[in-house]
Amino acid sequence: MYDFEETIDRRKTDSVKWDIKSNELPMWVADMDFQVAPEIISAIKNKADQAVFGYEEPHADYFNAVADWYESEHHFRPQTDWMMFSTGVVPSISSIVRRVSNVGDNVLVQAPVYNIFYNSIVNNGRHVLSSDLVFDGNNYQIDFTDLEQKLAEPLTTLMILCNPHNPVGKIWSKAELTKIAELCVKHHVKLLSDEIHGDLTFNDEGYTPMFSLPADLIQNLMICVSPSKTFNVAAIHAATIIVPNENLRSSVNRGINSEELAEPNSFAIPVMIAAYERGHKWLEELKKKLQSNRQLVADFLEQNIPEIKLIPSDATYLLWIDTQNISDDSEKLANFIRKDTGLYLSAGNVYGGDGYDFLRMNIACPTEMVKDGLNRLSQGIKDF
Ligand SMILES: Cc1ncc(COP(=O)(O)O)c(C=O)c1O
């Protein structure tokens, strides 16, 4: 049994999430407040005890640990020679944008989506082209006609997919992923699949890693995975890029090497191996905790704040809350709630699309904190 109820004081620790006023409660950035798995802590201590921190590079044990994890957790074993180490998913995305598309190209996304995708595109002089997800009042769908039209535009050379999708918490089905992959092949668009949330699923089937699709659909594919969300080790800076096609892999590899993203810090390899080899049980218990927190929020909103609505989802610890009955300016609403009650949520409009109607709430924290957040939310909505 692991402890998911201990409150760890992270104020004044350089934590981005907790760099806030004393009365504030942060439920925004995707960072969990649980103590890291003891298996990871002991790997870090062992490494620290070695007391030599010279240059390192990943070897077969690292790549095998990644492959084993995907085989046992997600029922498909990616080949280890498809893999490259990198110092994070976001740095990899930015590098891939620079390497496989040109200045002025369109990079296709599906808004509302993880806001940092926009930075990776715009900061590199590419255009964001969104095929917005369609919200039917309860669920999000892909408009495949619109998606195909936008993929067919000659200047669209890259698509960034979020699988499962942050912030709406949707696990794309194998049929949907196959269709996306087919359309990208048909229109010669390279496909980058960010699968950082893939381990945090709450349905029976889990999610489908894109590299498990048939060989003819994965030749233009680059997949980014990492234990950084699953095990909350973002500041360890470690990720794996999986590229089945050899030529594309060489190109991505040249990019991450010339941009110096390919070398691990001293703790990255031991942490990744400990997480992937010995983290299964911790993850299983974490998922139960997250599910019970989610149920708590669902029940509370229904009983106490029926004018706002939790969107059903089965992935990530980020809840997507429909506040359109209160305001169509989620930035204004989030700022008001923060000032009024100290509860710090993410305003949906940073994710683009219809995000202005939503707030995003991170529930990866001890239950007492979730309860505190809900009481503040209720107060804030009442006062708004
Ligand atoms: C979809 C997605 N990709 C990437 C990241 C961050 O990845 P990294 O910390 O490895 O750069 C996040 C963090 O929340 C995310 O939600």
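Colleague: Which residue in strand 15 does W320 stand opposite?

Modeller: R360. Keep in mind that this is a predicted model.

Colleague: How do you know that strand 12 and strand 15 are paired?

Modeller: Pairing needs at least two bridges. Strand 12 (residues 318-322) and strand 15 (residues 358-362) are joined by 5 bridges. So they count as a pair. They run antiparallel.

Colleague: What makes strand 11 and strand 14 edge strands?

Modeller: The order of the open sheet is 11-12-15-14, with antiparallel pairing. Strand 11 (309-310) and strand 14 (346-347) each have a single partner strand, so one side of each has no neighbour in the sheet.

Colleague: Which helix packs on that sheet, and which strands does it touch?

Modeller: Helix 10 (residues 330-341) does, touching strand 14 and strand 15. Its direction makes about 45 degrees with that of strand 15.

Colleague: Why are helix 2 and helix 8 called roughly parallel?

Modeller: The cut-off is under 35 degrees. Helix 2 (residues 60-74) and helix 8 (residues 268-278) pack at about 30 degrees. Helix 2 and helix 8 are therefore roughly parallel. Their axes are 9 Å apart, and the crossing is left-handed.

Colleague: Which residues make the contact between helix 2 and helix 8?

Modeller: Helix 2 brings D61, Y62, A65, V66, W69 and Y70. Helix 8 brings I269, M272, I273, A275, Y276 and E277.

Colleague: How many residues of each class does that contact of helix 2 with helix 8 have?

Modeller: There are 10 nonpolar and 2 charged residues, and no polar ones. Tyr counts as nonpolar here. Asp and Glu count as charged, so D61 and E277 fall in the charged class.

Key:
Residues are numbered from 1 along each chain as its sequence is written. This is a predicted model: local features need pLDDT of at least 70, side-chain atom pairs count only at pLDDT 80 or more; totals for chains, interfaces and linings use all residues. Side-chain values use heavy atoms; hydrogens and water are left out. Axes are lines fitted to C-alpha atoms, for helices over the stretch in contact, and angles run from 0 to 180 degrees between N-to-C directions. Helices (H or I, at least four residues) and strands (E, at least two) are DSSP runs, numbered from the N terminus. Angles under 35 degrees count as roughly parallel, over 145 as roughly antiparallel, 65 to 115 as roughly perpendicular and the rest as oblique. A crossing is left-handed if the near helix is turned anticlockwise from the far one by less than a right angle, and right-handed if clockwise. Contact means heavy atoms within 4.5 Å.
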